[in-house]
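User: Hi! I'm new to this structure and would like a friendly tour. Could you show it to me?

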There are 2 protein chains.
Amino acid sequence: MVQYQEQLDRSFTALSDPTRRAILQRLGRSDASISDLADRFAMTLTGLKKHVQVLEDAGLVTTEKVGRVRHCRLGPQRLEHVTKWIATYQQMLEQRLDSLEAFLERTKGMP
Amino acid sequence: MVQYQEQLDRSFTALSDPTRRAILQRLGRSDASISDLADRFAMTLTGLKKHVQVLEDAGLVTTEKVGRVRHCRLGPQRLEHVTKWIATYQQMLEQRLDSLEAFLERTKGMP
(Lines give C-alpha, C1' and ligand atoms only; values in the text may rest on other atoms or scores of the structure.)
Protein backbone atom coordinates (compact mmCIF):
# COMPACT_ATOMS: atom_id res chain seq x y z
CA MET A 1 0.00 0.00 0.00
CA VAL A 2 2.83 2.39 0.93
CA GLN A 3 4.61 1.38 -2.28
CA TYR A 4 1.42 2.06 -4.29
CA GLN A 5 1.08 5.52 -2.68
CA GLU A 6 4.74 6.32 -3.35
CA GLN A 7 4.33 5.25 -6.96
CA LEU A 8 1.33 7.60 -7.24
CA ASP A 9 3.33 10.43 -5.61
CA ARG A 10 6.15 9.97 -8.11
CA SER A 11 3.86 9.70 -11.13
CA PHE A 12 1.76 12.75 -10.28
CA THR A 13 4.93 14.75 -9.49
CA ALA A 14 6.42 13.71 -12.84
CA LEU A 15 3.25 14.83 -14.65
CA SER A 16 3.00 18.18 -12.83
CA ASP A 17 5.43 19.96 -15.17
CA PRO A 18 4.60 20.95 -18.78
CA THR A 19 8.11 20.14 -20.09
CA ARG A 20 7.98 16.66 -18.55
CA ARG A 21 4.54 16.02 -20.08
CA ALA A 22 5.89 17.20 -23.45
CA ILE A 23 8.94 14.89 -23.13
CA LEU A 24 6.59 11.93 -22.56
CA GLN A 25 4.55 12.88 -25.63
CA ARG A 26 7.76 13.27 -27.69
CA LEU A 27 9.04 9.84 -26.57
CA GLY A 28 5.61 8.40 -27.35
CA ARG A 29 6.37 9.12 -31.01
CA SER A 30 9.95 7.74 -31.00
CA ASP A 31 12.97 7.22 -28.75
CA ALA A 32 15.38 10.17 -28.47
CA SER A 33 18.75 11.06 -26.96
CA ILE A 34 19.15 13.59 -24.15
CA SER A 35 20.74 15.97 -26.71
CA ASP A 36 17.78 15.57 -29.11
CA LEU A 37 15.39 16.43 -26.27
CA ALA A 38 17.50 19.39 -25.07
CA ASP A 39 17.49 20.78 -28.65
CA ARG A 40 13.76 20.17 -29.05
CA PHE A 41 12.88 21.94 -25.80
CA ALA A 42 15.61 24.62 -26.08
CA MET A 43 17.04 23.67 -22.69
CA THR A 44 20.53 23.07 -21.31
CA LEU A 45 21.61 19.44 -21.05
CA THR A 46 21.71 19.83 -17.25
CA GLY A 47 18.15 21.15 -17.07
CA LEU A 48 16.86 18.48 -19.42
CA LYS A 49 18.64 15.70 -17.49
CA LYS A 50 16.90 16.80 -14.27
CA HIS A 51 13.49 16.44 -15.90
CA VAL A 52 14.41 13.02 -17.34
CA GLN A 53 15.61 11.92 -13.88
CA VAL A 54 12.19 12.74 -12.36
CA LEU A 55 10.48 10.79 -15.17
CA GLU A 56 12.93 7.90 -14.66
CA ASP A 57 12.25 7.84 -10.87
CA ALA A 58 8.56 7.40 -11.70
CA GLY A 59 9.32 4.53 -14.10
CA LEU A 60 7.83 6.54 -16.98
CA VAL A 61 11.14 6.75 -18.86
CA THR A 62 14.21 4.51 -19.02
CA THR A 63 17.63 5.62 -20.24
CA GLU A 64 20.61 3.72 -21.57
CA LYS A 65 24.09 5.04 -22.29
CA VAL A 66 25.62 3.82 -25.55
CA GLY A 67 29.09 5.25 -26.04
CA ARG A 68 28.79 8.95 -25.22
CA VAL A 69 25.08 9.19 -25.99
CA ARG A 70 22.29 8.62 -23.45
CA HIS A 71 19.18 7.26 -25.15
CA CYS A 72 15.71 7.76 -23.63
CA ARG A 73 12.62 5.68 -24.22
CA LEU A 74 9.31 5.23 -22.44
CA GLY A 75 9.61 3.09 -19.31
CA PRO A 76 7.58 0.18 -17.93
CA GLN A 77 4.99 2.38 -16.19
CA ARG A 78 2.06 3.26 -18.45
CA LEU A 79 0.08 5.37 -15.92
CA GLU A 80 -2.27 2.45 -15.17
CA HIS A 81 -2.14 3.13 -11.39
CA VAL A 82 -2.85 6.84 -12.00
CA THR A 83 -5.79 5.99 -14.28
CA LYS A 84 -7.05 3.55 -11.64
CA TRP A 85 -6.88 6.10 -8.80
CA ILE A 86 -8.75 8.74 -10.83
CA ALA A 87 -11.38 6.22 -11.99
CA THR A 88 -12.02 5.11 -8.38
CA TYR A 89 -12.32 8.75 -7.28
CA GLN A 90 -14.72 9.66 -10.09
CA GLN A 91 -16.80 6.54 -9.38
CA MET A 92 -17.16 7.68 -5.77
CA LEU A 93 -18.28 11.15 -6.95
CA GLU A 94 -20.94 9.56 -9.17
CA GLN A 95 -22.21 7.36 -6.34
CA ARG A 96 -22.49 10.42 -4.11
CA LEU A 97 -24.45 12.26 -6.81
CA ASP A 98 -26.73 9.23 -7.22
CA SER A 99 -27.37 9.14 -3.43
CA LEU A 100 -28.21 12.85 -3.50
CA GLU A 101 -30.64 12.38 -6.39
CA ALA A 102 -32.31 9.44 -4.64
CA PHE A 103 -32.67 11.53 -1.47
CA LEU A 104 -34.24 14.43 -3.43
CA GLU A 105 -36.59 11.95 -5.14
CA ARG A 106 -37.67 10.46 -1.79
CA THR A 107 -38.28 13.86 -0.20
CA LYS A 108 -40.03 15.38 -3.24
CA GLY A 109 -43.34 16.95 -2.27
CA MET A 110 -42.60 16.67 1.45
CA PRO A 111 -43.49 19.82 3.34
CA MET B 1 -3.49 26.62 -24.17
CA VAL B 2 -1.26 28.16 -21.47
CA GLN B 3 -4.25 28.23 -19.14
CA TYR B 4 -4.94 24.54 -19.88
CA GLN B 5 -1.29 23.66 -19.16
CA GLU B 6 -1.34 25.65 -15.91
CA GLN B 7 -4.54 23.92 -14.86
CA LEU B 8 -2.86 20.56 -15.51
CA ASP B 9 0.23 21.68 -13.53
CA ARG B 10 -1.94 22.64 -10.55
CA SER B 11 -4.06 19.49 -10.68
CA PHE B 12 -1.13 17.07 -10.95
CA THR B 13 0.71 18.96 -8.17
CA ALA B 14 -2.39 18.76 -5.97
CA LEU B 15 -2.61 15.00 -6.58
CA SER B 16 1.09 14.34 -5.94
CA ASP B 17 0.70 14.14 -2.13
CA PRO B 18 -0.95 11.21 -0.31
CA THR B 19 -2.62 13.46 2.31
CA ARG B 20 -4.15 15.66 -0.39
CA ARG B 21 -5.45 12.60 -2.25
CA ALA B 22 -6.93 11.32 1.03
CA ILE B 23 -8.59 14.73 1.71
CA LEU B 24 -10.27 14.56 -1.72
CA GLN B 25 -11.51 11.05 -1.00
CA ARG B 26 -12.78 12.16 2.42
CA LEU B 27 -14.63 15.14 0.92
CA GLY B 28 -16.04 12.83 -1.73
CA ARG B 29 -18.01 11.16 1.06
CA SER B 30 -19.21 14.40 2.74
CA ASP B 31 -18.24 18.01 3.34
CA ALA B 32 -16.01 18.68 6.36
CA SER B 33 -14.49 21.57 8.31
CA ILE B 34 -10.76 22.26 8.44
CA SER B 35 -10.82 21.07 12.09
CA ASP B 36 -12.57 17.80 11.13
CA LEU B 37 -9.90 17.16 8.51
CA ALA B 38 -7.03 18.09 10.86
CA ASP B 39 -8.41 15.59 13.42
CA ARG B 40 -8.93 12.89 10.79
CA PHE B 41 -5.39 13.20 9.45
CA ALA B 42 -3.76 13.92 12.84
CA MET B 43 -2.23 17.15 11.55
CA THR B 44 -1.93 20.70 12.87
CA LEU B 45 -4.48 23.21 11.56
CA THR B 46 -1.64 25.10 9.84
CA GLY B 47 -0.37 22.00 8.06
CA LEU B 48 -3.84 20.96 7.01
CA LYS B 49 -4.69 24.46 5.73
CA LYS B 50 -1.62 24.39 3.47
CA HIS B 51 -2.82 21.19 1.82
CA VAL B 52 -6.35 22.58 1.41
CA GLN B 53 -4.89 25.73 -0.17
CA VAL B 54 -3.09 23.66 -2.83
CA LEU B 55 -6.33 21.78 -3.55
CA GLU B 56 -8.23 25.08 -3.69
CA ASP B 57 -5.69 26.59 -6.13
CA ALA B 58 -6.37 23.63 -8.42
CA GLY B 59 -10.14 24.16 -8.16
CA LEU B 60 -10.53 20.70 -6.62
CA VAL B 61 -11.82 22.05 -3.28
CA THR B 62 -13.73 25.18 -2.32
CA THR B 63 -13.91 26.58 1.20
CA GLU B 64 -16.36 28.90 2.92
CA LYS B 65 -16.05 30.51 6.33
CA VAL B 66 -19.23 30.45 8.40
CA GLY B 67 -18.69 32.13 11.76
CA ARG B 68 -15.40 30.75 13.07
CA VAL B 69 -15.55 27.52 11.10
CA ARG B 70 -14.11 27.04 7.60
CA HIS B 71 -16.09 24.45 5.66
CA CYS B 72 -14.53 22.47 2.80
CA ARG B 73 -16.29 20.77 -0.06
CA LEU B 74 -15.27 19.48 -3.46
CA GLY B 75 -14.74 22.24 -6.02
CA PRO B 76 -15.85 22.71 -9.60
CA GLN B 77 -12.92 20.77 -11.13
CA ARG B 78 -13.64 17.07 -11.48
CA LEU B 79 -10.28 16.04 -13.00
CA GLU B 80 -11.81 15.93 -16.51
CA HIS B 81 -8.77 17.72 -18.04
CA VAL B 82 -6.41 15.29 -16.24
CA THR B 83 -8.42 12.30 -17.49
CA LYS B 84 -8.37 13.77 -21.01
CA TRP B 85 -4.59 14.32 -21.01
CA ILE B 86 -3.92 10.76 -19.84
CA ALA B 87 -6.41 9.28 -22.33
CA THR B 88 -4.76 11.16 -25.23
CA TYR B 89 -1.32 9.97 -24.09
CA GLN B 90 -2.42 6.34 -23.76
CA GLN B 91 -4.13 6.51 -27.17
CA MET B 92 -0.84 7.66 -28.70
CA LEU B 93 0.97 4.73 -27.04
CA GLU B 94 -1.55 2.29 -28.50
CA GLN B 95 -1.20 3.77 -31.97
CA ARG B 96 2.56 3.42 -31.72
CA LEU B 97 2.21 -0.22 -30.69
CA ASP B 98 -0.17 -0.83 -33.61
CA SER B 99 2.34 0.73 -36.04
CA LEU B 100 5.08 -1.50 -34.63
CA GLU B 101 2.92 -4.60 -35.03
CA ALA B 102 2.03 -3.63 -38.60
CA PHE B 103 5.72 -3.15 -39.37
CA LEU B 104 6.61 -6.57 -37.92
CA GLU B 105 3.76 -8.14 -39.91
CA ARG B 106 5.00 -6.53 -43.17
CA THR B 107 8.61 -7.60 -42.62
CA LYS B 108 7.78 -11.14 -41.42
CA GLY B 109 9.77 -13.71 -43.35
CA MET B 110 12.05 -11.07 -44.88
CA PRO B 111 15.71 -12.06 -44.74
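Analyst: Here is a short chat about the sheets, salt bridges and surface patches.

Analyst: One note to begin with: this is a predicted model, where local features need pLDDT of at least 70 and side-chain atom pairs count only at pLDDT 80 or more, while totals for chains, interfaces and linings use all residues. Residues are numbered from 1 along each chain as its sequence is written, chains are lettered from A and ligands numbered from 1 in the order in which they are written, and side-chain values use heavy atoms, with hydrogens and water left out.

User: Thanks! What is the strand order in the open sheet of chain A?

Analyst: The order is S1-S3-S2, and the 3 strands pair in the antiparallel sense. Strands here are DSSP runs (E, at least two residues), and helices are runs of H or I with at least four residues, numbered from the N terminus. Two strands pair if DSSP finds at least two bridges between them.

User: And which are the edge strands there?

Analyst: Strand S1 (32-33) and S2 of chain A, each of which pairs on one side only.

User: How many bridges link S2(A) and S3(A)?

Analyst: They pair over 6 bridges, in the antiparallel sense. Within that pairing, Val61(A) stands opposite Leu74(A), and Lys65(A) stands opposite Arg70(A). The two strands form a hairpin with 2 residues between them, and Gly67(A) in the turn has a positive phi of about 65 degrees.

User: Where does Arg68(A) lie?

Analyst: Arg68(A) is in the loop between strand S2 (61-66) and strand S3 (69-74) of chain A.

User: Is Arg68(A) buried or exposed?

Analyst: Exposed, because its relative accessible area is 83%. The scale is this: buried means under 20% relative accessible area, exposed over 50%, and partly exposed in between (1.4 Å probe, protein chains only).

User: Which residues gather with Arg68(A) in the patch of positive charge?

Analyst: Lys49(A), Lys65(A) and Arg70(A) gather with Arg68(A) on the surface. Patches are made of residues with over 30% relative accessible area and no salt bridge, joining like charges within 9 Å and nonpolar side chains (Val, Leu, Ile, Met, Phe, Trp, Tyr) within 5 Å. Lys and Arg count as positive and Asp and Glu as negative, with His and the chain ends not counted. A charge is placed at NZ of Lys, CZ of Arg, CG of Asp or CD of Glu.

User: Which residues make the nonpolar surface patch?

Analyst: Leu97(A), Leu100(A), Phe103(A) and Leu104(A) make a patch of about 400 Å². Areas come from the Shrake-Rupley method with a 1.4 Å probe, and for residues only the protein chains shown count as cover. Phe103(A) is in helix H5 (residues 80-106) of chain A, and it counts as partly exposed because its relative accessibility is 42%.

User: Changing topic: how many salt bridges are there over all chains?

Analyst: A search of the whole structure finds 8. A salt bridge is a side-chain nitrogen of Lys or Arg within 4 Å of a carboxyl oxygen of Asp or Glu.

User: Which residue forms a salt bridge with Arg21(B)?

Analyst: Asp9(A), with the closest N and O atoms 2.7 Å apart. The pair crosses between chains, from helix H2 (residues 18-29) of chain B to helix H1 (residues 2-15) of chain A. Arg21(B) counts as buried, at 1% relative accessibility, and Asp9(A) counts as buried at 19%.

User: What does Arg96(A) meet in a salt bridge?

Analyst: Arg96(A) meets Asp31(B), at 3.3 Å from N to O. Asp31(B) lies in the loop between H2 and strand S1 (32-33) of chain B and Arg96(A) in helix H5 of chain A, so this pair joins two chains. Asp31(B) is partly exposed at 44%, and Arg96(A) is partly exposed at 30%.

User: And what about Glu64(A)?

Analyst: Its side chain meets that of Arg73(A) in a salt bridge, at 3.9 Å from N to O. Glu64(A) is partly exposed at 45% relative accessibility, and Arg73(A) is partly exposed at 39%.

User: Last one: what is the strand order in the sheet of chain B?

Analyst: The 3 strands form an open sheet in the order S1-S3-S2, with antiparallel pairing. S1 and strand S2 (61-66) of chain B stand at the edges with a single partner strand each, so one side of each has no neighbour in the sheet. S1(B) and S3(B) pair over 2 bridges, and the bridge partner of Ala32(B) in S3(B) is Cys72(B).
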